[in-house]
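Please examine the sequence and the structure shown below.

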Protein chains: 2
Amino acid sequence: MLERSPRTGLQRKTDVLAKLEARRADCWVASAAPSGNAHLVPLTFAWDGERIVLATEQSSATARNITASKRSRLALGGTRDVVMIDATLHEAVDLERASPELADAYAQQADWDPRAARGQFVFLLLRPERIQAWREVDEIAGRTIMRAGAWLV
Amino acid sequence: MLERSPRTGLQRKTDVLAKLEARRADCWVASAAPSGNAHLVPLTFAWDGERIVLATEQSSATARNITASKRSRLALGGTRDVVMIDATLHEAVDLERASPELADAYAQQADWDPRAARGQFVFLLLRPERIQAWREVDEIAGRTIMRAGAWLV
């Protein structure tokens, strides 16, 4: 079937951008503590065209790990329609210092507004360095569609 | 609606066991390198009643990280039907040294047999220490259903 053929790089990029622009979508966020413990949680994200925006409590393991290590590995989509993103922290902005534009854009896409939530939140703005996208084993080849922050397609 | 009420601990345990026993199911596997980099991949798993069994290439970042750190954090299910498992490595068994029982049980549940695949594989047998299960925010309370390796329900 045509739809089960390996996708081209351009198709994968289109599919990845659709996932990044989806409303009320979550990603899996992996981070590591200085102690060497891996952490993993699902978080609702937004995409500003260049950066993935997460909102989480300042005291969370995710916020502490990523502000210390400056990096994260994220997954979007299901386990058989995978988007893996290695990202570096571009900026961490405490909610009370965030611009209305940033907070509005996050709330609009995430369909959830941390300004209305209890707790001390921080926005983590993560810049993708490498993006890989694959579904089944026939898409392992050609899975890297961004490297060193630049789209390859 | 009844089905959207917060589940009891017992319901969550039942749902978690159903996910652990599902055929051809994947989990997200987070691990950390000694360098402090978090890694994350989807892997097909099996469950032997006490341990989650993963099969991955010996040279993979996941195998290297988990055999070094002796621990992993895993997620089953979707981002709004979450099962988070903190697990410790009980045993790592190279495929060529694995018992037929272990390899057969893995292949049966995973619907994939690493003995038929190219590459040097290892089985990672991970024992859950803590399990948390929640769907939406109303299930955050009561999400911990296993602690220190013991079911709380």
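A salt bridge is a side-chain nitrogen of Lys or Arg within 4 Å of a carboxyl oxygen of Asp or Glu. In this predicted model, the rule finds two salt bridges across the interface of chain B and chain A. Asp26(A) forms a salt bridge with Arg80(B), the closest N and O atoms being 2.7 Å apart.

Residues are numbered from 1 along each chain as its sequence is written, and chains are lettered from A in the order in which they are written.

The predictor's confidence in each residue is pLDDT, from 0 to 100. Chain A has a mean pLDDT of 96, and 97% of its residues reach 70 or more. For the complex, the predictor gives an ipTM of 0.94 and a pTM of 0.96.

How much area do chain B and chain A bury between them? They bury about 2,200 Å², 59% of it on carbon and sulfur atoms; buried area is the accessible area (1.4 Å probe) that two parts lose on being put together, summed over both. Trp28(B), Leu40(B) and Arg80(B) supply 29% of the area that chain B buries against chain A, more than any other three residues. The contact (heavy atoms within 4.5 Å) takes 26 residues from chain B and 26 residues from chain A.

Terms used. This is a predicted model: local features need pLDDT of at least 70, side-chain atom pairs count only at pLDDT 80 or more; totals for chains, interfaces and linings use all residues. Side-chain values use heavy atoms; hydrogens and water are left out.
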